[in-house]
Amino acid sequence: MSLIDGIGGVFLFSNNPKQLAEWYRDCLGIAAAGEDEECNSVYALFDSRDIEKPEIKRTMAWAIKRTDQDIKDKPRTGQINYRVKNMGEVISHLKSKGVAIEKTAEYPGYGNFAWLKDPDGNKIELWEPSESE
């Protein structure tokens, strides 16, 4: 029996959430749906359907929260994987924004991958699934 049945949210921390949210909007196209004053965050929402019960809609929260400590130049742990439709197009766009792509790789049967970091040092993995995914 699995105790986990999905991801409810992804939370990044920043000393300047609005500025980092602008980078994600401009570089990866993740537009903030709003700001949550109670949580002191900027957020976006991603909807999906339950595989076993497609009538059930699920929402995953993606948020950048203000941290209560200085994180500038400190190492990050963790990584977020974003699924993309066209890796070449995404990489071209990122390079036009001055974003350094650290590495790219193709894994037959899985797809194409690219790795980079956001301005706060959070690791990002981009994944273009192979046709079979």
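In strand 4, the bridge partner of Val-10 is Trp-62, and the two strands concerned, strand 1 (residues 9-14) and strand 4 (residues 57-66), pair in the parallel sense over six bridges, where pairing requires that DSSP finds at least two bridges between two strands. The model is a predicted one, in which local features need pLDDT of at least 70 and side-chain atom pairs count only at pLDDT 80 or more, whereas totals for chains, interfaces and linings use all residues. Residues are numbered from 1 along each chain as its sequence is written, and side-chain values use heavy atoms, with hydrogens and water left out.

**Overall architecture**

The secondary structure comes to two helices and eight strands, taken as DSSP runs (helices H or I, at least four residues; strands E, at least two) that are numbered from the N terminus. From that terminus on, the elements follow the order β-α-β-β-β-β-α-β-β-β. The C-alpha atoms fill a box of roughly 40 × 35 × 25 Å along the principal axes. Of the 133 residues in the protein, 33% are buried, a class that means under 20% relative accessible area, with exposed set at over 50% and partly exposed in between (1.4 Å probe, protein chains only). The protein exposes about 9300 Å², and carbon and sulfur atoms supply 49% of this area, as computed by the Shrake-Rupley method with a 1.4 Å probe. Among contacts (heavy atoms within 4.5 Å) between residues at least 6 apart in sequence, 51% join residues at least 24 apart.

Helix 1 (residues 17-28) has twelve residues and, at 1.5 Å a residue, should span 16 Å, which agrees with the 16 Å between its end C-alpha atoms; the expected span is 1.5 Å times one less than the number of residues.

| Helix | Buried residues | Arc of buried residues |
|---|---|---|
| Helix 1 | Pro-17, Leu-20, Ala-21, Trp-23, Tyr-24 and Cys-27 | 155° |
| Helix 2 (residues 87-96) | Met-87, Val-90, Ile-91 and Leu-94 | 95° |

On the other side of helix 2, Glu-89 and Ser-96 are exposed. The cover over the buried residues of helix 2 includes helix 1, strand 6 (103-107), strand 7 (111-117) and strand 8. At the start of helix 2, a side-chain oxygen of Asn-86 reaches to within 3.2 Å of the backbone nitrogen of Gly-88.

Ser-130 lies in the segment after strand 8 (123-129) and, at 19% relative accessibility, counts as buried. Leaving aside residues up to four places away in sequence, Ser-130 touches Gly-109, Tyr-110 and Gly-111, and a polar atom of the Ser-130 side chain lies 3.2 Å from the backbone oxygen of Gly-109.

Cys-39, in the loop between strand 2 (34-36) and strand 3 (41-49), counts as partly exposed at 39% relative accessibility. The C-alpha atoms of Cys-39 and Ala-63 are separated by 9.7 Å, with the two residues 24 apart along the chain.

Conventions:
The arc is that of the directions from the helix axis to the C-beta atoms. A polar contact is a pair of N or O atoms within 3.5 Å; within protein, one must be able to donate a hydrogen and the other to accept it, and residues adjacent in sequence count only if both atoms are side-chain atoms.
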